[in-house]
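Subject: Structure for you to look at

Hello,

Here is the structure I said I would pass on. Please open it beside this email and follow along.

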Amino acid sequence: MVPAMGGARARIADRLAGFGTSIFTEITGLALAHGAVNLGQGFPDFDGPGWIKDAATRAMAAGHHQYPRMFGVPELNRAIAAQYSRRGGPTFDPEREVTVTTGCTEAICCAFLGLLNPGDEVVLFQPFFDIYRAATALSGVTPRFVTLRPPAPGSGSGFWFDPEELRSAFSSRTRAIVVNTPHNPTGKVFTREELGLIADLCVRHDAVAVTDEVYEHLFYDPGVEHVFMATLPGMRERTLTLSSIGKTFSVTGWKIGWAAGPADLTGAVRAAHQFVTFSSTTPMQHAAAEALERGHGAIAALRSDLGSRRDELARILGHAGFVPHHAPSGYFIMADLGGLPFADDREACRRLPAEYGVAAIPPSVFYDDPGLGSRMVRFAFCKRRETIEEAGRRLAGLRR
Ligand SMILES: Cc1ncc(COP(=O)(O)O)c(C=O)c1O
(Lines give C-alpha, C1' and ligand atoms only; values in the text may rest on other atoms or scores of the structure.)
Protein backbone atom coordinates (compact mmCIF):
# COMPACT_ATOMS: atom_id res chain seq x y z
CA MET A 1 0.00 0.00 0.00
CA VAL A 2 2.81 2.41 0.86
CA PRO A 3 5.14 3.16 -2.04
CA ALA A 4 8.72 1.90 -1.69
CA MET A 5 10.92 4.72 -0.43
CA GLY A 6 13.94 5.71 -2.50
CA GLY A 7 13.69 2.49 -4.49
CA ALA A 8 14.03 0.34 -1.36
CA ARG A 9 11.48 -2.36 -0.57
CA ALA A 10 8.88 -1.09 1.89
CA ARG A 11 9.27 -2.96 5.18
CA ILE A 12 6.47 -1.32 7.10
CA ALA A 13 4.33 -3.78 9.07
CA ASP A 14 0.84 -4.39 7.70
CA ARG A 15 -0.83 -2.67 10.65
CA LEU A 16 0.83 0.65 9.77
CA ALA A 17 1.22 0.31 6.02
CA GLY A 18 -2.02 2.11 5.19
CA PHE A 19 -0.99 5.30 6.93
CA GLY A 20 1.69 6.46 4.47
CA THR A 21 3.44 9.79 5.10
CA SER A 22 1.56 12.12 7.39
CA ILE A 23 -0.16 15.11 5.83
CA PHE A 24 1.86 17.36 8.14
CA THR A 25 5.09 16.25 6.50
CA GLU A 26 3.65 16.89 3.05
CA ILE A 27 2.26 20.35 3.88
CA THR A 28 5.42 21.39 5.76
CA GLY A 29 7.40 20.39 2.66
CA LEU A 30 5.16 22.58 0.49
CA ALA A 31 5.38 25.46 2.98
CA LEU A 32 9.20 25.30 2.94
CA ALA A 33 9.40 24.95 -0.83
CA HIS A 34 7.26 28.06 -1.38
CA GLY A 35 8.32 30.17 1.62
CA ALA A 36 4.72 30.05 2.82
CA VAL A 37 3.40 31.33 6.15
CA ASN A 38 2.72 28.05 7.94
CA LEU A 39 -0.73 27.99 9.51
CA GLY A 40 -0.74 24.22 9.09
CA GLN A 41 0.97 22.67 12.06
CA GLY A 42 -0.49 23.15 15.50
CA PHE A 43 2.42 24.56 17.41
CA PRO A 44 3.24 28.10 18.47
CA ASP A 45 5.89 30.09 16.59
CA PHE A 46 6.66 31.83 19.89
CA ASP A 47 8.28 30.58 23.10
CA GLY A 48 6.61 29.80 26.41
CA PRO A 49 7.18 32.21 29.31
CA GLY A 50 10.82 32.94 30.25
CA TRP A 51 10.40 31.69 33.83
CA ILE A 52 9.40 28.26 32.54
CA LYS A 53 12.54 28.07 30.44
CA ASP A 54 14.50 29.18 33.53
CA ALA A 55 12.89 26.37 35.52
CA ALA A 56 14.17 23.85 32.94
CA THR A 57 17.66 25.38 33.00
CA ARG A 58 17.68 25.24 36.81
CA ALA A 59 16.53 21.62 36.79
CA MET A 60 19.44 20.75 34.50
CA ALA A 61 21.94 22.69 36.63
CA ALA A 62 20.60 20.91 39.72
CA GLY A 63 21.72 17.59 38.23
CA HIS A 64 18.42 15.94 37.30
CA HIS A 65 19.86 13.83 34.51
CA GLN A 66 19.36 10.15 35.29
CA TYR A 67 16.40 7.86 34.69
CA PRO A 68 13.51 9.06 36.81
CA ARG A 69 10.89 6.90 38.45
CA MET A 70 8.89 4.97 35.84
CA PHE A 71 5.59 6.73 36.60
CA GLY A 72 6.95 10.24 37.14
CA VAL A 73 9.13 12.26 39.53
CA PRO A 74 7.22 12.68 42.82
CA GLU A 75 7.11 16.50 42.50
CA LEU A 76 5.33 16.28 39.14
CA ASN A 77 2.88 13.57 40.19
CA ARG A 78 1.96 15.76 43.16
CA ALA A 79 1.67 18.92 41.03
CA ILE A 80 -0.61 17.17 38.51
CA ALA A 81 -2.97 15.91 41.22
CA ALA A 82 -2.92 19.26 43.05
CA GLN A 83 -3.87 21.34 40.02
CA TYR A 84 -6.96 19.18 39.39
CA SER A 85 -8.05 19.61 43.03
CA ARG A 86 -7.48 23.39 42.90
CA ARG A 87 -9.68 23.67 39.81
CA GLY A 88 -12.58 21.63 41.16
CA GLY A 89 -11.57 18.68 39.00
CA PRO A 90 -11.27 15.03 39.98
CA THR A 91 -9.09 14.08 42.95
CA PHE A 92 -6.21 11.70 42.33
CA ASP A 93 -3.71 9.94 44.56
CA PRO A 94 -0.46 11.21 42.99
CA GLU A 95 1.42 7.96 43.64
CA ARG A 96 -1.13 5.38 42.60
CA GLU A 97 -3.34 7.20 40.14
CA VAL A 98 -1.08 9.49 38.09
CA THR A 99 1.41 8.34 35.44
CA VAL A 100 3.71 10.79 33.66
CA THR A 101 4.17 10.04 29.97
CA THR A 102 6.10 11.43 27.01
CA GLY A 103 3.40 13.86 25.97
CA CYS A 104 -0.28 13.09 25.77
CA THR A 105 0.57 11.16 22.59
CA GLU A 106 2.29 8.44 24.56
CA ALA A 107 -0.54 8.44 27.09
CA ILE A 108 -3.03 7.81 24.25
CA CYS A 109 -1.00 4.96 22.77
CA CYS A 110 -0.36 3.38 26.18
CA ALA A 111 -4.06 3.66 27.07
CA PHE A 112 -4.95 1.72 23.91
CA LEU A 113 -2.14 -0.81 24.29
CA GLY A 114 -2.69 -1.29 28.00
CA LEU A 115 -6.49 -1.40 28.14
CA LEU A 116 -7.76 -2.91 24.91
CA ASN A 117 -7.55 -6.28 23.20
CA PRO A 118 -7.59 -6.99 19.47
CA GLY A 119 -11.20 -7.23 18.35
CA ASP A 120 -12.48 -4.80 20.99
CA GLU A 121 -14.31 -1.75 19.71
CA VAL A 122 -13.59 1.87 20.55
CA VAL A 123 -15.83 4.83 19.71
CA LEU A 124 -14.11 7.84 18.13
CA PHE A 125 -15.58 11.16 17.10
CA GLN A 126 -14.62 12.32 13.63
CA PRO A 127 -12.85 14.55 12.74
CA PHE A 128 -10.26 13.02 15.08
CA PHE A 129 -6.72 13.80 16.20
CA ASP A 130 -4.83 11.47 13.86
CA ILE A 131 -3.01 9.61 16.65
CA TYR A 132 -6.29 7.95 17.76
CA ARG A 133 -6.72 6.25 14.43
CA ALA A 134 -3.12 5.05 14.45
CA ALA A 135 -3.53 3.82 18.04
CA THR A 136 -6.45 1.61 16.95
CA ALA A 137 -4.18 0.09 14.31
CA LEU A 138 -1.32 -0.43 16.77
CA SER A 139 -3.60 -2.18 19.25
CA GLY A 140 -5.73 -4.14 16.75
CA VAL A 141 -8.90 -2.42 17.96
CA THR A 142 -11.87 -1.68 15.71
CA PRO A 143 -12.92 2.00 15.59
CA ARG A 144 -16.59 3.01 15.36
CA PHE A 145 -17.09 6.61 14.28
CA VAL A 146 -19.52 9.30 15.34
CA THR A 147 -19.49 12.47 13.24
CA LEU A 148 -19.22 15.98 14.63
CA ARG A 149 -21.23 17.88 12.05
CA PRO A 150 -20.49 21.46 11.09
CA PRO A 151 -23.19 24.04 11.69
CA ALA A 152 -24.64 25.81 8.65
CA PRO A 153 -21.78 28.09 7.46
CA GLY A 154 -22.06 31.54 8.98
CA SER A 155 -24.68 30.48 11.56
CA GLY A 156 -22.21 31.04 14.41
CA SER A 157 -23.35 27.89 16.24
CA GLY A 158 -21.03 25.00 16.96
CA PHE A 159 -20.18 21.50 15.73
CA TRP A 160 -22.73 18.97 16.99
CA PHE A 161 -23.46 15.25 16.97
CA ASP A 162 -26.62 13.20 16.71
CA PRO A 163 -27.27 11.39 20.02
CA GLU A 164 -28.85 8.51 18.10
CA GLU A 165 -25.67 8.06 16.04
CA LEU A 166 -23.69 7.98 19.28
CA ARG A 167 -26.02 5.40 20.84
CA SER A 168 -25.78 3.11 17.84
CA ALA A 169 -21.97 3.34 17.79
CA PHE A 170 -21.94 1.45 21.11
CA SER A 171 -22.22 -2.34 20.95
CA SER A 172 -21.58 -5.33 23.19
CA ARG A 173 -17.91 -5.15 22.07
CA THR A 174 -17.38 -1.49 22.96
CA ARG A 175 -14.65 -1.16 25.58
CA ALA A 176 -13.84 2.55 25.36
CA ILE A 177 -14.68 5.92 23.88
CA VAL A 178 -12.18 8.71 23.29
CA VAL A 179 -13.51 12.16 24.15
CA ASN A 180 -11.31 15.06 23.12
CA THR A 181 -12.59 18.21 24.77
CA PRO A 182 -11.79 20.97 23.93
CA HIS A 183 -11.62 19.40 20.50
CA ASN A 184 -9.00 19.43 17.76
CA PRO A 185 -9.71 20.46 15.02
CA THR A 186 -13.23 21.88 15.48
CA GLY A 187 -12.69 23.88 18.70
CA LYS A 188 -15.83 22.28 20.11
CA VAL A 189 -16.08 22.27 23.90
CA PHE A 190 -18.36 19.38 24.87
CA THR A 191 -21.17 20.58 27.12
CA ARG A 192 -22.11 19.01 30.44
CA GLU A 193 -25.23 17.56 28.78
CA GLU A 194 -23.25 16.00 25.93
CA LEU A 195 -20.74 14.51 28.35
CA GLY A 196 -23.63 13.25 30.49
CA LEU A 197 -25.05 11.39 27.50
CA ILE A 198 -21.64 9.82 26.80
CA ALA A 199 -21.27 8.97 30.50
CA ASP A 200 -24.65 7.17 30.56
CA LEU A 201 -23.60 5.05 27.59
CA CYS A 202 -20.24 4.24 29.22
CA VAL A 203 -21.97 3.11 32.41
CA ARG A 204 -24.54 1.09 30.50
CA HIS A 205 -21.89 -0.66 28.36
CA ASP A 206 -19.23 -0.88 31.08
CA ALA A 207 -16.91 1.13 28.81
CA VAL A 208 -13.99 3.38 29.74
CA ALA A 209 -13.91 7.06 28.74
CA VAL A 210 -10.43 8.11 27.68
CA THR A 211 -10.50 11.90 27.74
CA ASP A 212 -7.89 13.92 25.86
CA GLU A 213 -7.87 17.33 27.52
CA VAL A 214 -4.67 18.90 26.16
CA TYR A 215 -6.56 22.14 25.35
CA GLU A 216 -8.26 22.19 28.77
CA HIS A 217 -7.15 25.79 29.50
CA LEU A 218 -7.52 27.24 26.02
CA PHE A 219 -11.13 28.38 25.60
CA TYR A 220 -12.00 31.93 24.70
CA ASP A 221 -15.69 32.75 24.99
CA PRO A 222 -17.45 34.02 28.11
CA GLY A 223 -19.67 31.38 29.68
CA VAL A 224 -17.73 28.42 28.27
CA GLU A 225 -16.59 25.91 30.91
CA HIS A 226 -14.33 22.89 30.68
CA VAL A 227 -16.14 19.96 32.28
CA PHE A 228 -14.06 17.05 33.57
CA MET A 229 -15.70 13.80 32.51
CA ALA A 230 -14.25 12.15 35.62
CA THR A 231 -16.41 14.39 37.85
CA LEU A 232 -19.72 13.20 36.37
CA PRO A 233 -21.77 10.64 38.33
CA GLY A 234 -20.45 7.11 37.93
CA MET A 235 -17.47 8.24 35.86
CA ARG A 236 -14.58 8.55 38.30
CA GLU A 237 -14.04 4.79 38.28
CA ARG A 238 -14.24 4.54 34.48
CA THR A 239 -12.44 7.64 33.19
CA LEU A 240 -8.81 7.96 32.21
CA THR A 241 -8.00 11.68 32.11
CA LEU A 242 -5.14 12.52 29.74
CA SER A 243 -3.43 15.85 29.25
CA SER A 244 -0.03 17.51 28.91
CA ILE A 245 1.74 20.82 29.42
CA GLY A 246 2.58 21.43 25.74
CA LYS A 247 -0.37 23.63 24.77
CA THR A 248 -0.96 25.10 28.23
CA PHE A 249 2.51 26.66 28.41
CA SER A 250 3.39 26.89 24.68
CA VAL A 251 6.15 24.27 25.03
CA THR A 252 4.87 21.58 22.68
CA GLY A 253 8.36 20.14 22.20
CA TRP A 254 8.81 19.32 25.88
CA LYS A 255 6.51 16.32 25.55
CA ILE A 256 5.52 15.98 29.18
CA GLY A 257 2.03 14.53 29.56
CA TRP A 258 0.11 12.24 31.86
CA ALA A 259 -2.69 9.77 32.40
CA ALA A 260 -4.71 10.00 35.62
CA GLY A 261 -7.46 7.68 36.79
CA PRO A 262 -8.33 4.92 39.24
CA ALA A 263 -5.54 2.47 39.99
CA ASP A 264 -6.89 -0.30 37.72
CA LEU A 265 -6.92 2.02 34.67
CA THR A 266 -3.61 3.70 35.58
CA GLY A 267 -2.14 0.25 36.10
CA ALA A 268 -3.06 -0.68 32.53
CA VAL A 269 -1.34 2.48 31.23
CA ARG A 270 1.75 1.71 33.32
CA ALA A 271 1.81 -1.86 31.99
CA ALA A 272 2.40 -0.42 28.49
CA HIS A 273 4.38 2.69 29.45
CA GLN A 274 7.10 0.69 31.23
CA PHE A 275 7.95 -1.01 27.92
CA VAL A 276 7.30 1.86 25.50
CA THR A 277 9.45 4.65 26.96
CA PHE A 278 9.73 3.53 30.61
CA SER A 279 10.02 7.20 31.65
CA SER A 280 10.13 10.77 30.36
CA THR A 281 12.94 13.31 30.45
CA THR A 282 13.89 14.09 34.04
CA PRO A 283 14.73 17.82 33.95
CA MET A 284 11.60 18.63 31.95
CA GLN A 285 9.47 16.81 34.54
CA HIS A 286 10.88 19.04 37.28
CA ALA A 287 10.25 22.15 35.19
CA ALA A 288 6.72 20.95 34.37
CA ALA A 289 5.99 20.57 38.08
CA GLU A 290 7.03 24.19 38.62
CA ALA A 291 4.93 25.33 35.62
CA LEU A 292 1.81 23.63 36.99
CA GLU A 293 2.34 25.13 40.43
CA ARG A 294 3.10 28.70 39.36
CA GLY A 295 1.46 28.97 35.96
CA HIS A 296 -1.98 30.52 36.57
CA GLY A 297 -0.99 34.02 35.38
CA ALA A 298 0.74 32.68 32.27
CA ILE A 299 -2.30 30.60 31.38
CA ALA A 300 -4.66 33.56 31.70
CA ALA A 301 -2.36 35.71 29.52
CA LEU A 302 -2.10 33.01 26.85
CA ARG A 303 -5.88 32.53 26.81
CA SER A 304 -6.42 36.21 26.23
CA ASP A 305 -3.71 36.43 23.49
CA LEU A 306 -4.96 33.38 21.64
CA GLY A 307 -8.56 34.56 21.86
CA SER A 308 -7.69 37.79 20.07
CA ARG A 309 -5.59 35.95 17.47
CA ARG A 310 -8.50 33.63 16.79
CA ASP A 311 -10.70 36.68 16.19
CA GLU A 312 -8.11 38.23 13.88
CA LEU A 313 -7.67 35.05 11.85
CA ALA A 314 -11.44 34.60 11.56
CA ARG A 315 -11.70 38.16 10.23
CA ILE A 316 -8.89 37.53 7.71
CA LEU A 317 -10.42 34.26 6.50
CA GLY A 318 -13.83 35.85 6.11
CA HIS A 319 -12.31 38.71 4.15
CA ALA A 320 -10.48 36.27 1.86
CA GLY A 321 -13.74 34.49 0.96
CA PHE A 322 -13.74 31.53 3.38
CA VAL A 323 -16.64 31.08 5.78
CA PRO A 324 -14.93 30.38 9.12
CA HIS A 325 -16.73 28.24 11.67
CA HIS A 326 -16.62 29.75 15.13
CA ALA A 327 -13.89 28.11 17.27
CA PRO A 328 -14.67 28.48 20.98
CA SER A 329 -11.36 26.86 21.98
CA GLY A 330 -8.08 25.27 20.96
CA TYR A 331 -5.58 26.22 18.27
CA PHE A 332 -7.60 25.97 15.03
CA ILE A 333 -10.32 27.44 12.85
CA MET A 334 -12.15 25.18 10.44
CA ALA A 335 -13.15 27.35 7.50
CA ASP A 336 -15.68 26.39 4.87
CA LEU A 337 -14.49 26.86 1.28
CA GLY A 338 -17.62 28.90 0.58
CA GLY A 339 -17.61 30.06 -3.03
CA LEU A 340 -13.81 29.90 -3.43
CA PRO A 341 -12.64 28.22 -6.62
CA PHE A 342 -11.17 25.04 -5.12
CA ALA A 343 -12.53 21.58 -5.95
CA ASP A 344 -11.96 20.35 -2.39
CA ASP A 345 -9.77 20.74 0.70
CA ARG A 346 -6.82 18.82 -0.74
CA GLU A 347 -6.69 20.94 -3.85
CA ALA A 348 -6.97 24.08 -1.72
CA CYS A 349 -4.14 23.02 0.59
CA ARG A 350 -1.85 22.06 -2.30
CA ARG A 351 -2.49 25.34 -4.15
CA LEU A 352 -2.53 27.78 -1.22
CA PRO A 353 1.24 27.57 -0.44
CA ALA A 354 2.31 27.87 -4.07
CA GLU A 355 -0.17 30.49 -5.26
CA TYR A 356 -0.87 32.54 -2.12
CA GLY A 357 2.05 31.76 0.20
CA VAL A 358 0.00 30.32 3.07
CA ALA A 359 -0.02 26.69 4.27
CA ALA A 360 -3.01 25.00 5.93
CA ILE A 361 -4.22 21.44 6.55
CA PRO A 362 -6.94 19.58 4.58
CA PRO A 363 -9.23 18.18 7.30
CA SER A 364 -10.53 15.28 5.20
CA VAL A 365 -7.53 13.35 6.59
CA PHE A 366 -9.14 13.53 10.03
CA TYR A 367 -12.24 11.59 8.92
CA ASP A 368 -12.85 7.92 8.27
CA ASP A 369 -15.06 9.13 5.42
CA PRO A 370 -12.88 11.87 3.84
CA GLY A 371 -15.85 13.35 1.98
CA LEU A 372 -17.22 14.67 5.26
CA GLY A 373 -14.29 17.08 5.63
CA SER A 374 -13.62 17.98 2.03
CA ARG A 375 -15.37 21.39 2.03
CA MET A 376 -13.25 22.83 4.87
CA VAL A 377 -9.65 23.89 5.51
CA ARG A 378 -7.98 23.93 8.94
CA PHE A 379 -5.96 27.04 9.84
CA ALA A 380 -3.91 27.38 13.07
CA PHE A 381 -4.02 30.63 15.05
CA CYS A 382 -1.45 29.65 17.73
CA LYS A 383 0.98 32.01 15.99
CA ARG A 384 2.56 35.43 16.57
CA ARG A 385 0.40 38.40 15.68
CA GLU A 386 2.87 39.30 12.87
CA THR A 387 2.52 35.80 11.39
CA ILE A 388 -1.26 36.09 11.27
CA GLU A 389 -1.11 39.59 9.81
CA GLU A 390 1.29 38.42 7.10
CA ALA A 391 -1.06 35.54 6.28
CA GLY A 392 -3.84 38.14 6.04
CA ARG A 393 -1.89 40.23 3.50
CA ARG A 394 -1.23 37.14 1.40
CA LEU A 395 -4.73 35.67 1.60
CA ALA A 396 -6.22 38.99 0.55
CA GLY A 397 -5.04 37.96 -2.94
CA LEU A 398 -7.69 35.22 -2.94
CA ARG A 399 -10.40 37.83 -2.92
CA ARG A 400 -9.13 39.17 -6.20
C1 LIG B 1 -6.08 16.58 20.64
C2 LIG B 1 -4.61 16.41 20.85
N3 LIG B 1 -4.17 15.48 21.71
C4 LIG B 1 -2.86 15.29 21.93
C5 LIG B 1 -1.92 16.05 21.27
C6 LIG B 1 -0.47 15.78 21.50
O7 LIG B 1 -0.09 16.14 22.77
P8 LIG B 1 1.43 16.01 23.21
O9 LIG B 1 2.22 16.99 22.42
O10 LIG B 1 1.40 16.29 24.66
O11 LIG B 1 1.85 14.61 22.90
C12 LIG B 1 -2.32 17.04 20.37
C13 LIG B 1 -1.32 17.83 19.63
O14 LIG B 1 -1.60 18.43 18.63
C15 LIG B 1 -3.71 17.23 20.16
O16 LIG B 1 -4.16 18.16 19.32
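The centres of domain 1 and domain 2, taken over C-alpha atoms, are separated by 24 Å. Please keep in mind that this is a predicted model. Domain 1 is made of two stretches, 14–48 and 298–399, while domain 2 covers 67–294.

The domains touch: 38 residues of domain 1 are in contact with 35 residues of domain 2. On the domain 1 side, at least two residues each come from helix 1 (14–17), helix 11 (296–320), strand 10 (332–336) and strand 12 (376–380). Helix 11 gives the most to this side, with seven residues. Sorted by class, the side of domain 1 that touches domain 2 has 21 nonpolar, ten polar and seven charged residues.

As a general point, strands of a sheet pair through backbone hydrogen bonds, either parallel or antiparallel. For a parallel pair, look at strand 3 (residues 121–126) and strand 5 (residues 174–180), which are joined by four bridges. Within this pair, Val122 has Ala176 of strand 5 as its bridge partner.

The other open sheet to look at has three strands in the order 9-10-12, and its pairing is antiparallel. Strand 9 (323–324) and strand 12 are the edge strands, each pairing on one side only. Strand 10 and strand 12 pair over five bridges in the antiparallel sense. Ala335 stands opposite Val377, a residue of strand 12. Helix 11 lies across strand 9, strand 10 and strand 12, and runs at about 20° to strand 10. The axes of helix 5 (residues 103–115) and helix 6 (residues 130–139) come within 9 Å and cross at roughly 35°. The crossing of helix 5 past helix 6 is right-handed. On helix 5, the contact is made by Thr105, Ile108, Cys109, Phe112 and Leu113. On helix 6, it is made by Ile131, Tyr132, Ala135, Thr136, Leu138 and Ser139. By class, the residues of this contact are eight nonpolar, three polar and no charged.

Helix 5 also matters for reading the ligand site, where it gives the most to the shell around the ligand, with three residues. Which of the 14 residues around the ligand come nearest? They are Gly103, Cys104, Thr105, Asn184 and Ser244. The shell divides into three nonpolar, nine polar and two charged residues.

Finally, some backbone details. Most residues other than glycine have a negative phi, and most peptide bonds are trans. Against that background, please check these places:

- The peptide bond from Gln126 to Pro127 is cis, with omega near 5°. Pro127 sits in the loop between strand 3 and helix 6.
- The peptide bond from Asn184 to Pro185 is also cis, with omega near 10°. Pro185 is in the loop between strand 5 and helix 8 (192–205).
- Asp206 has a phi near 50°, a positive value in a residue other than glycine. Asp206 lies in the loop between helix 8 and strand 6.

Regards

How values were computed: Residues are numbered from 1 along each chain as its sequence is written. This is a predicted model: local features need pLDDT of at least 70, side-chain atom pairs count only at pLDDT 80 or more; totals for chains, interfaces and linings use all residues. Two strands pair if DSSP finds at least two bridges between them. Axes are lines fitted to C-alpha atoms, for helices over the stretch in contact, and angles run from 0 to 180 degrees between N-to-C directions. A crossing is left-handed if the near helix is turned anticlockwise from the far one by less than a right angle, and right-handed if clockwise. Two residues are in contact if their C-beta atoms, placed from the backbone, lie within 7 Å. Ala, Val, Leu, Ile, Met, Phe, Trp, Tyr, Cys and Pro count as nonpolar, Asp, Glu, Lys and Arg as charged, and the others, Gly among them, as polar. Domain bounds come from an automatic or database domain assignment. A residue is near a molecule or strand if its C-beta atom, placed from the backbone, lies within 6 Å of it.
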